[in-house]
Amino acid sequence: MQELIVILVDGLVFSSYLFMVAVGLTVIFGVMKILNVTHGSFYAFGAYMSATLIGAYYETDWPEFGGFLAIFAAALIIGVFFGIVLERGLLRFLYHRDEHIIVLATFAMFLVLEDVLMMIWGTDPYYAYEPMALLGIVDIAELTFDVYSLTLIGLAAIVGLGLWLGLTKTKWGKLLLAVIFDREISQAMGINVTVVFTVTFVIGAIMGALGGAYIAPTISVSPGIGVEVIVLAFAVVVIGGMGSIPGAMIGAVLVGVSRAAAVHKFPEIELFVIYAIMALVLAIRPEGLFAPAQARKI
Amino acid sequence: MNIYKRSGRATLLATGLAAAVSLTAGIANAADEVIMAVPTFLTGAGAPAFGVPARNGAEVIIEAINKGTLPAPYDKSGKGLAGRQIKALIYDESGGGAKQVTEFRNKVQRQNVDLFVGYISSGTCAAITPVAEELKMLTIFPICGTPRIFEEINKNPKYVFRTMGHATADGVAEAHYVKANMPGVKGYTGINQNYAWGQDSWRDFDLAMKQLMPGVPASDKAQWPKIFSGQYGTEISALMLSKEPLVHNSMWGGDLEAFIFQGAARGLFRKKKLLFSVADTSVYRLGKKVPTGVILGARGPYGIFAANVDTPLNNWFRKVYIDRYSVPPVGGSYQAAQGVLAAKYAYDKAAGMNGGKFPSKDQVIAALEGATYQGLAAKVHMNRSNGHQAATIHQIGILEWDKEAGEPIMTKVTTFPADCVMPPPGVNGTEWLKGGMKGAKC
Amino acid sequence: MRYLDKTVVGLSIVFVALVFADFFMAEWMRFIGLQSLARGAVALGLLVLWRTGLVSFGHALYFGFGAYAAAMLTLIGYHDAFLLVFAGTLSAGVLAFFLGFLLRRYRAIFFALLNMAFSMILYGVIVKTEELGSTDGFSVLTPTFLGYAPEGEAVQTTLFLFTLCFTYIITVGVHLYMKTTLGSMSMAVRENEIRVEYLGYSAEKVIHVKYVFSGLVAGFGGAIMALAVGQVDPDSMANWNVSGEFVFITILSGIGNVGATFIGAFVFELIRTYAFEYAPQIWQFILGGSLLAIIMFLPDGIWSLFSRFRKSEG
């Protein structure tokens, strides 16, 4: 019983991590049909920026909980800056090209940004553990957990719900859905697709950066953290259905809980869990669990 | 399509190709210098933990060799390697075996490199060894964990040397330490990164424990997190629920630091006794955040273990290093420096035997084979694998925080002789462990 | 003489020239050449797929599979290059044949990603197999060639000649195949699959055939790479970024001509070599920057430069 509860809690924490890592990717793919490898860079830049701002914040004697603002500020700064620069400066020239070319372009941009990261922050790691230490610990099923990791579940829920409501209940969201469904007709109907694309890309970038920024206090922010995230995020998004926010959520929970069960029961197979689920889902439902239906055009 | 643009691109390409061709002409080797290639991790996760400290350590020694400012016992042989200045080519080790083999060939044939002192990852060393032998290139591996280099890949090395003990020594020393300091331990488990280094570390420790403490059971649920995963919450829960009190851990770099943050927050280090194989790479950086009371190794007498080695050479090294990089040298710095010192020792000794004239490659190799030279922290005995594999003393201790000095220190350090932890010459490490470590002199 | 078009003649001239050059080339240049042939072969397979509109982000699966199959044979005592390369090629082809039944149903980004999922599973299996050295991999001893056991520089010279001959045959074969009915079906599938079906051809079968072919040549490239480097390891043979490099080379080359893939692979190696040498800390920056520049300014790849020259001359 204790083990079951622990598996569930561990699984949900890891699922939330996966969701935060993947949601930005799925937002951008959903609207723009771009598989954005640069997502890994957003994550890494978000983490570095967050660590830097948190470090700077705790140099001052402002109230301790204000450190959390630094996390969100970091995500906003990175997301808005890179979102606009990349979309306006690079991607918009490629929209008429083959989708694989765009993937490759974002891959190239990722390589470039990996080194830009090192030019700015060097190779030494950054730490920002204060927010994590601040929230302390709690006992669940006689086992100690750190509260900060548990707040990840709340953050993921808020982000997921917020994006979903924004998409289905607001005017902006409905415009987005129209663009997703048929870009050319929407344009003809007078929707400013250019602005929709820029805004979507910026939101996706902010989400990617927020993932890194929020994880930063629990890790050592060091070179290479962006690479690992890419494949992980791809897998979650593919499992859930590319472009679907509820799909990303279900995909993340499926992988997160299975992985937690594997770690507790059969740690040897942990490495395969995510790819096995991905291959299985793709073999049965190639569009992923929750893919939006697509019209067949002859 | 406008013509101006088109011709512009063509010109660009033509210029590029011309530049490429002219660059391939090769670089002339000035007669009075020795070109030393120093591959080390400059990018990626390996950079902060090993690559950059190793580069820094090598740079300090190379510069001192060129200026002739090394203290005793290297103060009498003049500037440079046998009188010639070192020109160091420091480059990135990232990208896997195939890329590094390509780069090795490039450096040898196009840049006329005279010797290599470098490589950190076991995978790269394994890939480079046959090529170095094929191209007859003097190559000194200062680090590299895997015993397979001279046990499987090349049993009769002529051009390849390794100037520190291999990974078998870590597992054996750790098991000896556990036996002496935790005689009543009820069992052990582990958390190791799921790749070659983690797998080898756990296997060697496990085999050594089975020999030294045969009644103590190993967990069948040792944890294998993916390398660079950074999220260890689930694994930490599993470890805290496990019944074994001792946890073996060979993680390094960002993974290790993330594990420490996440584990410390949840009280893992109070609940379980942790044994870290290579955590010395992070102790200075973590400062007060280091978990105290844990068992710690540094793959030999390096880094934090050498903090109190009071010799002119070591005191000089630490001072110069800290002045320049404002952090103390860690394991990688010591190990890389030790590799460069091997070159210094061998070239000077060979020149001595050659009547003071600059020695040939074969003479340098002969001088290093089977030699014993002074490293920064301990004497290095090149007495395994036909004199190409080093053996040194090994140290394990308990990490504590020194409040007065405000820095981490090692306590309860046990020093193991080389012949206690390394398999005897000519014996395969794994078979030696399985056979009960015959011939070990402890 | 309908088989003797410009491309075949051009390839033959280059082939003969390279055979002669083999004996005079600098060693490092020959090594880069060998790698270009190996990677170019994979890109050739991707090119064939790309003509049907499919891009795979996981061909390191077949590259790694071929490399490991060849390398594992050396572990049990076989060292003949013909046998090793044949085994590597065939085993990758068989794997592609079976996975093809599943993959041929998918298009666009799903096809690309499903390939990646399979390649990562292979990567995981290798990492977990300690007998094969896990991430360290293991070494491949010098091959023999039908009893001839070269030593020193002759190893690479012979291997280069060996690779050159097979690559030449494959490349000309692909070129001629493209001109057959089934071959030209590629473009039709890419443009409108449903119409192809109405014409009475099975688009899935067309794709399956091409997929198996791409698996075969990727396995060939992998086996050659294993012999050339003398070492197999998952990070340089089976990881996702290796697949990315193959797509990089394909885009660098463009789909205009079969020979272009080898030029693309060669240019790729040169960029990386010089970036490593002159900017060791920012070589990824240079590699990524070059790729971006090519995508932006040379949309049809390097080959378009040659065709432009030809046009402007005419």
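In what order do the six strands of the open sheet in chain B lie? The order is 6-7-8-9-13-14, and the pairing is mixed. Two strands pair if DSSP finds at least two bridges between them. Helices (H or I, at least four residues) and strands (E, at least two) are DSSP runs, numbered from the N terminus.

This is a predicted model: local features need pLDDT of at least 70, side-chain atom pairs count only at pLDDT 80 or more, and totals for chains, interfaces and linings use all residues. Residues are numbered from 1 along each chain as its sequence is written, while chains are lettered from A and ligands numbered from 1 in the order in which they are written.

**The sheet of chain B**

Strand 6 (188-191) and strand 14 (407-416) of chain B stand at the edges. Each has a single partner strand, so one side of each is left without a neighbour in the sheet. Neighbouring strands of this sheet are turned by 25 degrees against each other on average, direction ignored. Strand 7 (residues 246-249) and strand 8 (residues 273-276) of chain B run parallel, joined by four bridges. B:Asn249 has B:Phe276 of strand 8 as its bridge partner.

Helix 6 (residues 167-181) of chain B packs on the sheet. Helix 6 touches strand 7, strand 8, strand 9 (295-297), strand 13 (394-402) and strand 14 of chain B. Its direction makes about 65 degrees with that of strand 13. Axes are lines fitted to C-alpha atoms, for helices over the stretch in contact, and angles run from 0 to 180 degrees between N-to-C directions.

**A helix pair in chain C**

Helix 2 (residues 27-51) and helix 9 (residues 203-229) of chain C pack at about 170 degrees, with axes 8 Å apart. They are therefore roughly antiparallel to each other (angles over 145 degrees). Their contact has 18 nonpolar, four polar and two charged residues. Ala, Val, Leu, Ile, Met, Phe, Trp, Tyr, Cys and Pro count as nonpolar, Asp, Glu, Lys and Arg as charged, and the others, Gly among them, as polar.

Two residues are in contact if their C-beta atoms, placed from the backbone, lie within 7 Å.

| Contact | Residues in contact |
|---|---|
| Chain B with chain A | 35 residues of chain B, 34 residues of chain A |
| Chain C with chain A | 34 residues of chain C, 29 residues of chain A |

On chain B, helix 2 (46-67), helix 8 (233-241) and helix 9 (253-265) each supply at least two residues of the side that touches chain A. That side divides into 14 nonpolar, 14 polar and seven charged residues.

On chain C, helix 5 (108-128), helix 11 (240-253) and helix 13 (283-297) give two or more residues to the side that touches chain A. Helix 5 of chain C gives the most, with 13 residues. This side of chain C has 26 nonpolar, six polar and two charged residues.

Key: Angles under 35 degrees count as roughly parallel, over 145 as roughly antiparallel, 65 to 115 as roughly perpendicular and the rest as oblique.
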